[in-house]
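Trainee: I can follow a single chain, but I lose track of how one piece packs on another. Could you take a close look at the helix packing here and say what touches what?

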Amino acid sequence: MPIVAALARTTLLEAVRNRLLWLTVILVGAAFGFTQFLNQVAIAETREIQAALLAAPLRVAAVFILAVFVITSVVRESSDKVTELLLSLPAPRSHYFFGKLAGFAFVAAILALLCALPLAPFAKPSGLALWTASLLCELLIVTAMSLFCVLSLAQVVPAFAAVAGFYLLSRSMTAMQVIAGASLHDPTLTDRIVAAIVGLIALLLPSLDRMTQTSWLLGGAFSGVLVSVFGQTAIYLVLIGSAALFDLYRKNF
Amino acid sequence: MTQRSISGVPRAVIALLGLGLAIQVALKTAAPQPHASAEDLPPAPGIAVLRLASFGEPVALAKALMLYLQAYDYQSGSRVPYRDLDYDRLEAWLGRILELDPQGQYPLLAASRLYAEVPVEAKQRSMLEFIHREFLLDPNRRWPWLAHATVIAKHRLHDLPLALRFARSIQLHATAADVPPWARQMELFILEDMNELEIARLIVGGYLQSGAGTDPAELKFLDQRLRELEGRAKAPNK
């Protein structure tokens, strides 16, 4: 397993040398400054407004930064023929995958913690802990999906488009299902086919719309949420991880 | 670049893929089917917030919001849809959607054909008043929905004064050439139903004298109507 640890370490090192963490710190600082501006403007529910308008953009920004980093890192490595060099080492291909995944997971954990930091003055500790854990889970799913897409598609634009589509669909699928189920006229064959396709897609997507809720920061009820968030993350990591490995093992370099 | 054979993939990976897929599908199948119940309808955000959220595409956001809004409390079959909705919130949502897309007709269609049809009189009245308020902002485009509201007031609520108020609004404000004569004449028929024959006669006579109507068929119809009204007004009351 030393190759897994070495790959994880080099991935983390790449994030540091790419100034990814500095970028995140600047982003978090700017977002925090923006909420201080809101503090001057809002006349009621100031704490709630600050928490909500800080948490929601940071969540999306963390996902965006991580997805772009994973995709560009793997594409650059592939272009430099480093991937081929690493795969020529006397270790199974799965070690390469798990090494990269572990490194990106570390980066995801750092991003989640950095994003949680400015929320501390506005949120209840239990809610903030749950929000941070859930953000980490969400980032892990995005990491696995980005790795899967970039290993399969091998190009920045198609891979990022696929990840963005996956993320947007996962966060809006419940709303789409609700709309699809509320047709005001008798469903035609086309309606049924469309509803079946929407249902099938929903089966394959994680419920990201139920993760990392801003309401948790504001004292909303969240009993039992942690189990479902961890459960969904574990299952999805197994699914996407094995799909990525399946593709990686079949790939000719 | 051809791919390697599936036999090159370790069996553990294939097993994990199958297992992960099966658990994911089972998990999502076991989860309750999402639906938007009446009590879930949140207060409508401010128009400024919605404009910000539309990223410069207010019409697209309005269309999407309308589809989402109509899903609330809609459950085909088992019970009356929309009855449990908070109508104050609903009106606020419809108003915001109309502000985002003033040319859109869907919110007022939904207001008159869906939300004003619930068998709860107070909610029907509230929705009809909403339609009237919105009609006044753009009468020449929104008159069909107030016409429908007039019909509901007359035939469902049996409130002729309310129907008369709506019909009079159409007569006064919907002045575009493409507004059909029957819509402008609704006031007349309601006055007849209220047995206000003299007022009805004066209105028809005034309309004919004003020269507002140009369609020969319309003028002929109104002239005939005026004669009938004059005959009924002169006849002794039964």
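Mentor: Two residues are in contact if their C-beta atoms, placed from the backbone, lie within 7 Å. This is a predicted model, in which local features need pLDDT of at least 70 and side-chain atom pairs count only at 80 or more, while totals for chains, interfaces and linings use all residues. Residues are numbered from 1 along each chain as its sequence is written, and chains are lettered from A and ligands numbered from 1 in the order written.

Start with one residue. Met145(A) sits in helix α6 of chain A, residues 125–153 (helices are DSSP runs of H or I, at least four residues, and strands runs of E, at least two, numbered from the N terminus). Leaving out residues up to four places away in sequence, Met145(A) touches Val163(A), Phe166(A) and Ile240(A). Met145(A) counts as buried because 24 C-beta neighbours lie inside 10 Å (20 or more within 10 Å is buried, 12 or fewer exposed, in between partly exposed, with C-beta atoms placed from the backbone). Phe37(A) is 108 residues from Met145(A) in sequence, and their C-alpha atoms are 36 Å apart.

Now move to chain B. The contact between the chains takes 22 residues from chain A and 29 from chain B. On the chain B side, the elements giving two or more residues are α1 (11–30) and α3 (58–70), and α1(B) supplies the largest share, 13 residues.

Helix α6(B) has several buried residues, among them Met127(B), Leu128(B), Phe130(B), Ile131(B) and Phe135(B). What covers the buried residues of α6(B) includes α4 (87–100), α5 (106–113), α7 (139–156) and α8 (160–173) of chain B.

α8(B) packs with α10(B), residues 186–193, at an angle of about 155°, their axes 8 Å apart (axes are lines fitted to C-alpha atoms, for helices over the stretch in contact, and angles run from 0 to 180 degrees between N-to-C directions). The angle makes α8(B) roughly antiparallel to α10(B) (over 145 degrees; under 35 is roughly parallel, 65 to 115 roughly perpendicular, the rest oblique). From α8(B), residues including Leu160(B), Ala163(B), Leu164(B) and Ile170(B) take part, and they face a group in α10(B) that includes Met186(B), Ile190(B) and Leu191(B). Met186(B), Glu187(B), Leu188(B), Ile190(B) and Leu191(B) are buried in α10(B). After α10(B) comes Asn195(B), whose phi is positive, near 65°.
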